[in-house]
Amino acid sequence: MNYKETIERGMVQAAKAQDKERLSALRLIKNTLHNREIDLHRELEDTEFLQAMAAMAKQRNDSIEQFKNGGRQDLVEKETRELKVIQEFLPSQLSEEEVGREIEAAIAEARATGLRDMGKVMKILMPRLTGKADGKLVGDKVKARLSI
């Protein structure tokens, strides 16, 4: 079953259960993915789907942080609920140790020797880690490793 069917099925279940918050979050996901498909003029591939979902999760995390700083607990709760629904479509996050192993493997594969090879390493890594690890965290770890 592809992601569209899963989202549609989830929307039907949420509507039947009268779970307005979940239904709203699923509609948001569906609309975001639909807009991305319109931009690309084709259906999303699996990696593009994961990238879109990861971007949505990152947006929610950023919003939660800003709302916490602004004292808007009601919006923090709303964004947190949306984030939980979005995370259902993402693979489980890798541990720091697993990310480290992937980084080492990519460095070896790219035969990277210094910071100037960071682009090669990231090009290998990101398709493997999309949706499974935060891109900024991965970039920071690669930069630190290649700086040694």
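Start by selecting glutamate 96: at 56% relative accessibility this residue counts as exposed, because exposed means over 50% relative accessible area, buried under 20% and partly exposed in between, with a 1.4 Å probe and protein chains only. Before going further, note that this is a predicted model, in which local features need pLDDT of at least 70, side-chain atom pairs count only at pLDDT 80 or more, and totals for chains, interfaces and linings use all residues. Residues are numbered from 1 along each chain as its sequence is written, and side-chain values use heavy atoms, with hydrogens and water left out.

**The partner of glutamate 96**

Lysine 141 and glutamate 96 form a salt bridge, with their closest N and O atoms 3.1 Å apart; the term stands for a side-chain nitrogen of Lys or Arg within 4 Å of a carboxyl oxygen of Asp or Glu. The pair links distant parts of the chain, 45 residues apart: lysine 141 sits in helix α7 (residues 135-146) and glutamate 96 in helix α5 (residues 96-110). Helices (H or I, at least four residues) and strands (E, at least two) are DSSP runs, numbered from the N terminus. Lysine 141 has 24% relative accessibility, so this residue counts as partly exposed.

**Helices α5 and α7**

Show both helices. Their axes come within 11 Å and cross at roughly 55°; axes are lines fitted to C-alpha atoms, for helices over the stretch in contact, and angles run from 0 to 180 degrees between N-to-C directions. α5 and α7 are therefore oblique to each other, since angles under 35 degrees count as roughly parallel, over 145 as roughly antiparallel, 65 to 115 as roughly perpendicular and the rest as oblique.

Which residues of α5 and α7 make the contact? Select Glu96, Val99, Ile103, Glu104 and Ile107 on α5, then Val138, Lys141, Val142, Arg145 and Leu146 on α7. Contact here means heavy atoms within 4.5 Å.

**From α5 to α6**

Next, pick glutamate 102 and arginine 128, a salt bridge whose closest N and O atoms are 3.8 Å apart. Glutamate 102 lies in helix α5 and arginine 128 in helix α6 (residues 118-129), so the pair ties together parts that are 26 residues apart in sequence. Glutamate 102 counts as partly exposed at 27% relative accessibility, and arginine 128 counts as partly exposed at 30%.

Move on to glutamate 79 and arginine 60: are they buried or exposed? Both are buried. They form a salt bridge, with the closest N and O atoms 3.4 Å apart. Glutamate 79 is in helix α4 (residues 73-87) and arginine 60 in helix α3 (residues 46-69), 19 residues apart.

With α3 and α4 on screen, look at their packing: the angle is about 160° and the axes are 9 Å apart. That makes α3 roughly antiparallel to α4. Residues making the contact include Met53, Met56 and Phe67 of α3, and Leu75, Leu83 and Ile86 of α4.

**Zoom out**

Finally, display the whole protein, with its seven helices and zero strands. The C-alpha trace spans about 55 × 40 × 25 Å along its principal axes. Of the 148 residues, 32% count as buried. The count of salt bridges comes to 18.
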